[in-house]
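I opened this entry to keep track of what I looked up, step by step. The structure goes in first, and my notes follow.

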Amino acid sequence: LHCHESHTGHEHVSTLELLEAGGDGIWASFIPDAAQFGHNNIFVFLENMLRFGNQDVWRSWHLEQAIEVARHIYFFNFHTV
């Protein structure tokens, strides 16, 4: 599932609904600004997974590096921090 941003904010809800329905993956950016209009991003998705009790996120992703990764990707896209 790949959702672009809308004024309703459903781009994040849709990914969670997909998993509840048995889906097994999403296509997301690291930062929400990667598309002209924006779209779902992996960090919000992982945060929601943690919020709903999926502790495997900590074992599968190096989240302690997430802020630095997002900062670098933003700089590469927009040449500013």
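Which residues is N41 in contact with, leaving aside its neighbours within four places in sequence? I looked this up and found H12, A28, S29, F30, I31 and P32. I note that this is a predicted model.

Next I looked up where N41 sits. I found N41 in the loop between α1 and α2. Is N41 buried or exposed? N41 is buried, because its relative accessible area is 5%, and buried means under 20%.

I then followed the side chain of N41. At the start of α2, a side-chain oxygen of N41 comes to within 3.2 Å of the backbone nitrogen of F43. The N41 side chain also reaches the backbone nitrogen of V44, at 3.1 Å.

From there I moved on to helix α2, which covers residues 42-51. Which of its residues are buried? I listed I42, F45, L46, N48, M49 and L50 as buried. After α2 I came to G53, and I noted that its phi is positive, near 95°.

Last, I checked the confidence. The chain has an average pLDDT of 79, and 79% of the residues score at least 70. Where in the chain is confidence lowest, and where is it highest? It is lowest in helix α1, residues 10-20, with a mean of 78. Helix α3, residues 56-60, has the highest, at 87.

Technical notes:
Residues numbered from 1 in each chain as written. Predicted model: local features only at pLDDT ≥ 70, side-chain atom pairs only at ≥ 80, totals over all residues. Heavy atoms only, no water. Buried < 20%, exposed > 50% of the residue type's maximum accessible area, 1.4 Å probe, protein only. Helix = DSSP H or I, 4+ residues; strand = E, 2+ residues; numbered from the N terminus. Polar contact = N/O pair within 3.5 Å; in protein donor to acceptor, adjacent residues only side chain to side chain. pLDDT = per-residue confidence, 0-100. Contact = heavy atoms within 4.5 Å.
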